[in-house]
Amino acid sequence: MIDFHCHIDLYPNPVEVAQICAERGLYVLSVTTTPSAWKVTASLAGPRTQTALGLHPQLAHERKSELLLFDQLLPQTDYVGEIGLDGAPEFRKSWQDQCDVFEHILRSCEEAGGRVMSIHSRRAASAVIERLEACPSAGTPVLHWFSGSQKELYRAVDCGCWFSVGPAMLAGERGRKLALRMPRERVVTETDGPFTERNGRTLFPWDAETAEIALAEIWQLSKDETRRVLHSDLARLARQARRSGRIK
Ligand code: MN
């Protein structure tokens with residue numbers, strides 16, 4: 001099973017969560033929201049966990065000074081996230097800072113030879129895609145919890161985007177319709193835990209299974225076939241990550 005976007009460091013019991021992920025053999029992309037959180041979060045990582053270096057758009061205005069640290073740490077990881085833009089009204093004030101931070105990170109990734117990037121694009125899909133189009137060598141973008149329009153989805157596909165889809169997105173008709181139109185060879189599952197819940201219960205990385213079941217329905221495949229597709233997608237994504245220019 002795969003959780004390609006969760007915040008292990010933000011659970012009240014991160015060590016235990018990481019341990020259970022390892023016991024269950026989960027493949028995890030553990031994203032961070034600030035560069036200063038990367039080292040400790042990376043130290044939690046089990047054998048099948050990758051830790052992504054991020055600067056969340058909702059924190060861009062407070063943490064832009066950490067871009068220096070971001071650039072220092074970037075050679076140590078093949079994965080970047082959570083990054084992106086948030087166009088919701090409550091973050092409009094920080095829009096310019098968000099753009100500055102996101103553009104800086106894309107340029108840094110370009111210079112570093114490309115990274116696999118887990119990207120937030122709430123109410124900002126077009127603005128995110130525009131910037132990705134302007135930085136084609138930044139790496140492989142994975143749009144997490146995509147909620148744009150169908151037109152934006154096709155534009156994202158054309159510019160090489162992948163998608164990580166979770167239980168919350170697939171619970172609604174709109175999200176399921178979008179998922180149906182995503183190319184199957186560019187989809188992985190996620191939970192975005194601990195920021196998501198289902199039936200009043202916080203989601204954990206192993207709840208990615210709910211997304212697998214929903215995708216099996218959408219794709220009209222068995223659960224085993226669905227898992228096979230997702231795992232072969234992840235393997236391809238991991239190869240792309242390794243091809244990037246990390247100093248080993
Ligand atoms: Mn997130």
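Two strands pair if DSSP finds at least two bridges between them, a criterion that the first view relies on; the model shown throughout is predicted.

**View 1. The open sheet of 3 strands, with the order β1-β2-β3 and parallel pairing**. The edge strands, β1 and β3 (49-51), each pair on one side only, and neighbouring strands of this sheet are turned by 10° against each other on average, direction ignored. Strand β2 (residues 27-30) pairs with β3 in the parallel sense over 3 bridges, and leucine 29 stands opposite glutamine 50 in β3. Helix α11 packs on this sheet, where it touches β1 and β2, and its direction makes about 55° with that of β1.

**View 2. The contact between helix α10 (residues 208-219) and helix α11 (residues 223-243)**. The two helix axes come within 9 Å and cross at roughly 105°, so that α10 and α11 are roughly perpendicular to each other. On the α10 side the contact is made by Glu209, Glu212, Ile213, Leu215, Ala216 and Trp219, and on the α11 side by Lys223, Thr226, Arg227, Val229 and Leu230. By class, the residues of this contact divide into 6 nonpolar, 1 polar and 4 charged.

View 3. Because histidine 7 lies in the loop between β1 (2-6) and α1 (14-23), whereas glutamate 82 belongs to strand β4 (residues 79-84), the pair ties together parts that are 75 residues apart in sequence. Both histidine 7 and glutamate 82 are buried.

Definitions and conventions: Residues numbered from 1 in each chain as written. Predicted model: local features only at pLDDT ≥ 70, side-chain atom pairs only at ≥ 80, totals over all residues. Heavy atoms only, no water. Helix = DSSP H or I, 4+ residues; strand = E, 2+ residues; numbered from the N terminus. Buried < 20%, exposed > 50% of the residue type's maximum accessible area, 1.4 Å probe, protein only. Axes fitted to C-alpha atoms, helices over the stretch in contact; angles between N-to-C directions. Parallel < 35°, antiparallel > 145°, perpendicular 65-115°, else oblique. Contact = heavy atoms within 4.5 Å. Nonpolar A, V, L, I, M, F, W, Y, C, P; charged D, E, K, R; others polar.
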